[in-house]
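Thanks, everyone, for making the time. I would like to walk you slowly through one structure, so please have a look at it before I go on.

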Amino acid sequence: MKDLTIGSHVLAFDARSLIDGIVAADRAGLNTAWLVSGGTSADPLAVFAVAAGETEQIGFGTSIIPTFPRHPLAVVQGALVVEQLAPGRLKLGVGPSHKPGIEGMYGFEFTRPLQHLREYLTILKATLQEGSVSFHGERLHAEASLQPPPMAPTQPQQPVTTQVKVMASALRPNAYRLCGEVADGAISWVSPLHHLERVAVPALEEGARKAGRERPALVSHVPVVVSEDAEAVWAASQAQLGFYPNAPYYSAMWQDAGFPEAADGTFSRAMSDALVIQGSEQEVAERIRGLPSAGVNEMLAGVLNLEGDPSAADRTIELLGALAQEQ
């Protein structure tokens, strides 16, 4: 399928199961396997390092590594391992996460998150894509160079760079503008398509114009399932996505998108219908094929699990793999 990369969010509760899920996505033909990160869950870069040796073509994406708990040079260390084992296959997604988690779990002060993210991205991109960094900002500092391999004494040392793409999470206009200006891509999460088309794409373009560059990629997290049982899909959507409007940033995004009920933490059926791609294989395929017309460059599929229909997830992954191979 032209102009659309298709990846999926791999979800499991131990490292071996995550690796098995990535291998299954690779065999199905998907373009990217995405892992979330945070708290005490398995480190995605460590998982990808192992999965690199068990897969053939699939890319790896982090969505996201929270910025506040780790210095960017610590993230560079893990990214380099994946890059060396699977050159050109890593999309390094980072983001500030949310105030309750950062302050409640780590005790870090969650202040000026976009300023922190801008400096974080600057350090990551300079180190990974230019080979060295000398940065002293208001929040972060970094002095480092990538180490070249040993060379003969008569051979000049060449700068070491990588093919790692550095991306960031975004929900609202200012974050998308920042991604347009600095990052290699913006990663949405539980954001309805019309919000991306009306808010995310214009903000990305505005940031890119400011920086004198082309608009970077928009990665759209899209809950999806091949099922014509609308009630089962609604039940699954409530169970697996219904808590998001309780988080202030997500609530604000949903209100921006035209759903005032999110103000009190409600996840309505109208919100689910605007977010989830569901229906027959043909209906799901056609809606996915239409994503590029809204400005989406990659689909980050979040496959819903339906109670009473365990094969729905397998049908969905099979279809996503087939669509990915249309390119």
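Let me begin with Gly-7, whose bridge partner in strand 2 is Thr-32. This is a predicted model, in which local features need pLDDT of at least 70 and side-chain atom pairs count only at pLDDT 80 or more, while totals for chains, interfaces and linings use all residues. Residues are numbered from 1 along each chain as its sequence is written, and side-chain values use heavy atoms, with hydrogens and water left out.

Strand 1 (residues 5-9) and strand 2 run parallel and are joined by 3 bridges; two strands pair if DSSP finds at least two bridges between them, and strands here are DSSP runs of E with at least two residues, just as helices are runs of H or I with at least four, numbered from the N terminus. From strand 2 (residues 32-35), Thr-32 and Trp-34 point one way and Ala-33 and Leu-35 the other, and all are buried, meaning under 20% relative accessible area with a 1.4 Å probe and protein chains only, where exposed is over 50% and partly exposed lies in between. In a regular strand, side chains alternate between the two faces of the sheet.

Turning to Ser-268, we find this residue in the loop between helix 9 (248-256) and helix 10 (269-275). Is Ser-268 buried or exposed? Ser-268 has a relative accessible area of 14%, so it counts as buried. Leaving aside residues up to four places away in sequence, Ser-268 touches Trp-234 and Glu-261, where contact means heavy atoms within 4.5 Å.

Finally, Tyr-106 lies in helix 4 (residues 99-106) and is partly exposed, because its relative accessibility is 32%.
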